[in-house]
Amino acid sequence: MSPARSDRLSDALHRIFESGRNTPASWFALTGGETLFAEGDDADTLYLLRAGRLGVFRSEHNDQPPQFVGVIRPGEPAGEMAMLAGSPHTADVVALRDSEVLALPREAFFEAARTEPDLMVELSRLMIQRARDRRSGGGEPSVFGFLSARPRPIRAFVERVAAAIEANGFTCQVIDHSALSSASEWFSRVEDAHDFVLYVAEADEPAWAALCARQVDRLFVVGQCLLAPPNRPLPHAGVPDAQRRTDLILLRDPRMARPANTSVWIDAVQPGRWFQAMEGDQADADRIARVITGTAVGVVLSGGGARAYAHIGALRALQEAGVPIDFVGGASMGAVVAAGPAMGWTLDELEDRIKRSFVDSDPLSDITFPMLAMSRAKKVDKLLQAAYGETDLADLLLPFFCVSTNLTSGRVDVHRRGSMRRAMRATIAIPGLLPPVVLDRQVLVDGAVLNNLPAEVMRQMNAGPVIGIDMSQARGVDPQLIEHPPSIWRLLATGAWRRGPPIVSIMMRSATLTSDAEVERSRGVVDVLVQPTPDGVDIRDWKAYAPAVEAGYRAMTAELATLDGPVTGLRRRKLVAEQSGTAAETAAGSPRPDAVETPAKGRRKAPKARRPA
């Protein structure tokens with residue numbers, strides 16, 4: 001069998017670097033956290049990583065710190081795109097751990113490449129793939145650390161996660177403190193031989209924990225729900241974006257029905273994400289395994305007034321198809337539905353609550369003189385209090401977010417912690433219909449005003465498949481109602497006044513009309529886009545429950561039927577398909593000019609178990 005293309009590239013580079021023919025290559029070591037090159041530096045050298053691990057960081061905005069893009073593994077080059085183009089580097093490359101690097105000047109590379117005719121083709125292929133990787137979510141982390149921040153051992157939990165990873169067809173290795181004295185080459189060999197490697201450090205192993213923190217692509221701090229965080233600094237990699245690469249897992253006793261105390265841990269750890277898991281529960285271990293393998297499913301729901309009942313039917317179709325929901329979020333009425341899975345409600349319970357709150361009792365019927373809005377929102381406030389009480393968003397069973405529009409700053413606010421009922425009240429505050437919400441001296445209204453399908457927020461949380469259910473383009477205002485509005489006497493006689501006059505439909509629809517550019521950007525992020533069309537259901541018709549739910553169910557069922565495999569494997573199947581097409585694209589010419597310098601997906605040697613479909 002011929003070697004893989006990535007192996008041919010690695011072999012060719014090694015022959016150039018280590019040919020012994022007076023090639024002016026040099027060897028040097030980088031300690032964890034040390035920078036190899038920075039954005040804007042001259043690209044006059046090609047680097048080859050021999051051992052260790054490099055991280056790529058990029059500044060998307062000048063007012064934000066560099067963000068982690070992906071990894072460079074042993075046998076892979078660094079800085080090749082800028083070197084070939086003769087342009088400055090476009091990212092920072094930093095040692096994630098103690099690493100060994102070979103360096104070859106640009107002129108020497110071109111001279112040596114004349115004896116390796118396939119090298120430029122293989123290098124071009126790699127650059128195309130790295131450019132694609134950036135658009136599809138980065139460099140596929142494969143080495144994860146689990147650091148205990150509680151007195152009890154966490155090894156059993158990590159082993160359950162590893163077993164779940166292997167049950168999905170990947171190879172996985174758990175490494176503990178017995179490897180503390182191993183050389184860096186040993187770590188590289190183990191990582192290269194497995195799809196995923198999990199390092200585990202208990203609370204009484206500070207030296208090993210410090211090494212683990214410098215050794216991994218991402219870090220999980222594992223704590224205990226009701227215990228206080230340790231009053232000592234937790235180890236972390238001394239590299240840019242270290243906090244965003246650190247996640248929090250809080251374990252709780254099976255006798256605890258709901259998580260608690262999460263905000264205290266968030267303040268102490270400052271994680272990028274946080275997860276709840278029940279001690280000994282395999283379903284929660286399976287969920288963490290999906291997060292690690294990039295197969296976790298995120299579902300994001302748009303606003304749409306009463307037409308957003310369609311989301312309930314779509315969720316029913318996902319449940320019947322066996323699709324897990326690992327992250328959930330949304331805007332406006334979509335956030336109200338999304339909160340159900342995050343709270344741990346069954347679909348039957350969610351349906352019952354929605355019917356009681358919206359179908360049986362119109363929440364917007366307390367019409368008032370329009371000083372701030374047409375409704376006093378007293379009924380809405382009571383419903384939110386009954387549904388969520390004093391729940392903190394951080395204490396939900398699933399990672400959840402909702403968005404609101406900040407009229408003070410003119411930006412979208414993302415709510416992931418704090419009072420759930422206040423955040424939910426903000427995300428549904430349709431301008432002119434419900435009074436705005438003031439949080440921290442910021443005036444907030446419906447999130448759908450600026451971003452009705454906040455898929456980009458979901459993508460930042462989840463590297464796995466994202467399902468978007470979008471009602472933003474569905475017609476929700478009856479033209480007949482606008483051309484021939486009913487008289488006030490007819491509204492009173494029929495009881496239709498409880499829904500408000502036709503102006504309510506106009507305001508609700510206007511609030512969910514995101515710009516075409518924003519819609520296309522959001523849709524471009526999702527892997528599965530579902531657009532139910534509950535025809536005949538007015539955006540304010542809270543009684544039209546059944547037809548809207550049925551429309552969502554049909555739309556999701558039809559979309560799932562078009563997929564060529566499980567939803568969980570969507571992004572990995574896409575990656576394989578893109579890789580298979582890269583060779584043909586390379587043969588047709590050089591990389592596109594908009595390609596950027598980002599790391600390749602991890603190369604694997606002879607997987608020891610089949611990969612999931």
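Q: How much space lies in the largest cavity?
A: This is a predicted model, in which local features need pLDDT of at least 70 and side-chain atom pairs count only at pLDDT 80 or more, while totals for chains, interfaces and linings use all residues. Residues are numbered from 1 along each chain as its sequence is written, and side-chain values use heavy atoms, with hydrogens and water left out. A cavity is a set of points, on a 1 Å grid over the protein atoms alone, where a 1.4 Å probe fits but cannot get out; points are joined across faces, edges and corners, and the volume is the space filled by probe spheres set on them. For the largest cavity, that space is about 90 Å³.

Q: How many cavities of 30 Å³ or more does the count come to?
A: The largest cavity holds about 90 Å³. With a cut-off of 30 Å³ or more, the count of cavities comes to five.

Q: Which strand gives the most to the lining of the largest cavity?
A: Lining residues have an atom within 4 Å of a cavity point, and the largest cavity has 13 of them, with Trp274, Leu393, Leu398, Pro399 and Phe400 nearest its centre. By class there are 10 nonpolar, one polar and two charged residues; nonpolar covers Ala, Val, Leu, Ile, Met, Phe, Trp, Tyr, Cys and Pro, charged covers Asp, Glu, Lys and Arg, and the others, Gly among them, are polar. Strands (E, at least two residues) and helices (H or I, at least four) are DSSP runs numbered from the N terminus. The strand that gives the most, with four residues, spans 273-278 and is S14.

Q: Which backbone oxygen lies 3.1 Å from a polar atom of the side chain of glutamine 276?
A: Glutamine 276 is in strand S14 and counts as buried at 2% relative accessibility, where buried means under 20% relative accessible area, exposed over 50% and partly exposed in between (1.4 Å probe, protein chains only). Leaving aside neighbours within four places in sequence, its contacts (heavy atoms within 4.5 Å) include Cys225, Leu250, Asp284 and Ala394. The backbone oxygen at 3.1 Å is that of alanine 394.

Q: Which side chain is joined to that of aspartate 217 by a polar contact of 2.5 Å?
A: Aspartate 217 lies in the loop between helix H7 (206-215) and strand S12 (218-224), and it is buried, with a relative accessible area of 0%. A polar contact is a pair of N or O atoms within 3.5 Å; within protein, one must be able to donate a hydrogen and the other to accept it, and residues adjacent in sequence count only if both atoms are side-chain atoms. The side chain of aspartate 217 reaches the backbone nitrogen of serine 142 at 2.8 Å. Its side-chain partner at 2.5 Å is arginine 53.

Q: Why is helix H14 largely enclosed by the rest of the structure, and how many of its eight residues are buried?
A: At the N-terminal end, serine 419 caps H14, with a side-chain oxygen 3.3 Å from the backbone nitrogen of arginine 422. The buried residues of H14 are Met420, Ala423, Met424, Arg425, Ala426 and Thr427. Helix H14 (residues 420-427) is largely enclosed because the number of its eight residues that are buried is six.

Q: How far apart in space are alanine 455 and glycine 298, C-alpha to C-alpha?
A: Alanine 455 is in helix H15 (residues 455-461) and counts as buried at 0% relative accessibility. Residues up to four places away aside, it touches Val300, Ser522, Val525 and Val526. Alanine 455 and glycine 298 are 157 residues apart in sequence, and their distance in space is 9.2 Å.

Q: What is the phi of arginine 441?
A: Most residues other than glycine have a negative phi. Arginine 441 sits in the loop between strand S19 (437-439) and strand S20 (442-446), and at 76% relative accessibility it counts as exposed. Although it is not a glycine, its phi is positive, at about 65°.

Q: What share of the 613 residues in the protein chain is buried?
A: The protein chain has 21 helices and 22 strands. Among its contacts between residues at least 6 apart in sequence, 81% join residues at least 24 apart. Of the 613 residues, the buried share is 57%.

Note on methods:
1 Å grid on protein atoms, 1.4 Å probe; cavity = no way out; pocket = protein on both sides within 12 Å on 5 of 7 lines; lining within 4 Å.
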